[in-house]
Amino acid sequence: QTITLRVHQFLPAPAPVPRNFIAPWAKKVEEESKGRIKVELYPSMQLGGTPPQLFDQVKDGVVDIVWTLPGYTPGRFPKTEALELPFIAGNAEQSSQAAWEYYEKNLKDEFKDVKIIAVHTHGPGLIHAKGNGVRKLEDMKGLRVRGPSRVVNRLIEALGATPVGMPVPAMPENLSKGVIDGTVVPWEVTTPLRVAELVNTHTTFSGNRSLYVAAFIFAMNKAKYDSLPADLKKVIDDNSGLATSKWVGKVMDEGDVPGLAAAQKRNNAIVALDAKETQRWKDAAKPVIAAWIAEMKGKGIDGEALVKDVEALFAKYAGAPQ
């Protein structure tokens, strides 16, 4: 008999990850199962609910597979937050391999209710703002900036701006209505959401570490996975893990290229902060890491050990911080 897997996620089908990872992954699984697994794709929350509800949808078996951000449910996956701490990650391909290893070592208990297929990050996050934008740290003061998760919102606050948390699909409308003055996202998602048309400036940083990255999971309902015969479980397993996480990361990095090109085509200002100015931001961001470690301690979690793990794993794939 044919087993149907329904994949639910929040971005439009032409966005880089749905088009260049989820759809090819589905095709690969169908082919390797010799047609015994059929994968149905539901972009843009077509099966109902909101992006923050995706994790529970897959956990509860409302859908079979989701692609989502653990950070959309603040406080629920505390150890996962270490991946999102400031100026620790490299590019998406590097960071996604580190993220998978970090999951293997530290996150199996946080995600015990689902079958994890991939853990990854997006490429370097940057600041997209209206008007004259952000050309130095002081320019953050007074700006309302959208952030994706609790840790990133704390970073925005530490840098002097007012964080406004919201899932990424809500961002364009809030930018156009003036609810927010700017947003942090990687270049990759600016193309499907036409961010370059809604802002005037894009601020990037020096060195080989990102201002921040957000962590993502591609996860399957555990009961559905457990119900598969051994040979079909193997098909899912063969398309899970380090190589799969690296693949999504590479798609994220490749998706950054048209995002930058769209901003350049509109003659938006691309502000590249030099090493000296970037260091000022790094210094301003340090208390975010210290506060997170202290908060984890209060939950009985060794945050210091987790930060060391994350730094070592990112260094393994991205080299020493520069």
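This is a predicted model: local features need pLDDT of at least 70, side-chain atom pairs count only at pLDDT 80 or more; totals for chains, interfaces and linings use all residues.
**Exercise 1. Classify the ring pair of F21 and F218, and then the ring pair of W100 and Y103.**

Solution. A pair of aromatic rings is described by the distance of the centres and the angle of the planes, and the count for this model comes to 12 aromatic pairs. For F21 and F218, the ring centres are 5.2 Å apart and the planes stand at 70 degrees, so the pair is edge-to-face. The pair links distant parts of the chain, since F21 belongs to helix α1 while F218 belongs to strand β10 (residues 215-221), 197 residues apart. Both F21 and F218 are buried.

For W100 and Y103, the distance is 5.0 Å centre to centre with 50 degrees between the planes, and this aromatic pair is tilted. W100 and Y103 are three residues apart in helix α3 (residues 92-107), which means that about one helical turn separates them. These two residues, W100 and Y103, are both buried as well.

**Exercise 2. Which residues do ring pairs link into a cluster, and which ring does K115 lie over?**

Solution. The cluster linked by ring pairs consists of F10, W67, Y72 and F216. Turning to charges over rings, K115 lies over the face of Y225, at 4.5 Å from the ring centre, and R6 lies over the face of Y42, at 6.0 Å from the ring centre.

**Exercise 3. Describe how α3 and α11 cross, and name residues that make the contact.**

Solution. Begin with the axes: those of α3 and helix α11 (residues 303-318) come within 8 Å and cross at roughly 140 degrees. The handedness comes next, and α3 passes α11 in a right-handed crossing. The contact includes Q94, S95, Q97 and A98 on the α3 side, and L306, D309, V310 and L313 on the α11 side.

**Exercise 4. Give the strand order of the open sheet, and then work out the surroundings of β5.**

Solution. The open sheet has six strands in the order β7-β6-β8-β5-β9-β11, with mixed pairing. Its edge strands are β7 (162-165) and β11 (269-272), each of which pairs on one side only. From one strand to the next, the twist averages 25 degrees.

Strands of a sheet pair through backbone hydrogen bonds, either parallel or antiparallel. Strand β5 (residues 126-129) is joined to strand β9 (residues 201-204) by three bridges, and the two run antiparallel. Along this pairing I127 stands opposite T203, and the bridge partner of A129 is T201.

Note on methods:
Residues are numbered from 1 along each chain as its sequence is written. Side-chain values use heavy atoms; hydrogens and water are left out. Two strands pair if DSSP finds at least two bridges between them. Helices (H or I, at least four residues) and strands (E, at least two) are DSSP runs, numbered from the N terminus. Axes are lines fitted to C-alpha atoms, for helices over the stretch in contact, and angles run from 0 to 180 degrees between N-to-C directions. Rings of Phe, Tyr and Trp (its six-membered ring) pair if their centres lie within 6.5 Å; planes under 30 degrees apart count as stacked, over 60 as edge-to-face and the rest as tilted. Buried means under 20% relative accessible area, exposed over 50%, partly exposed in between (1.4 Å probe, protein chains only). A charge sits over a ring if NZ of Lys or CZ of Arg is within 6 Å of the ring centre and within 35 degrees of the ring normal. A crossing is left-handed if the near helix is turned anticlockwise from the far one by less than a right angle, and right-handed if clockwise. Contact means heavy atoms within 4.5 Å.
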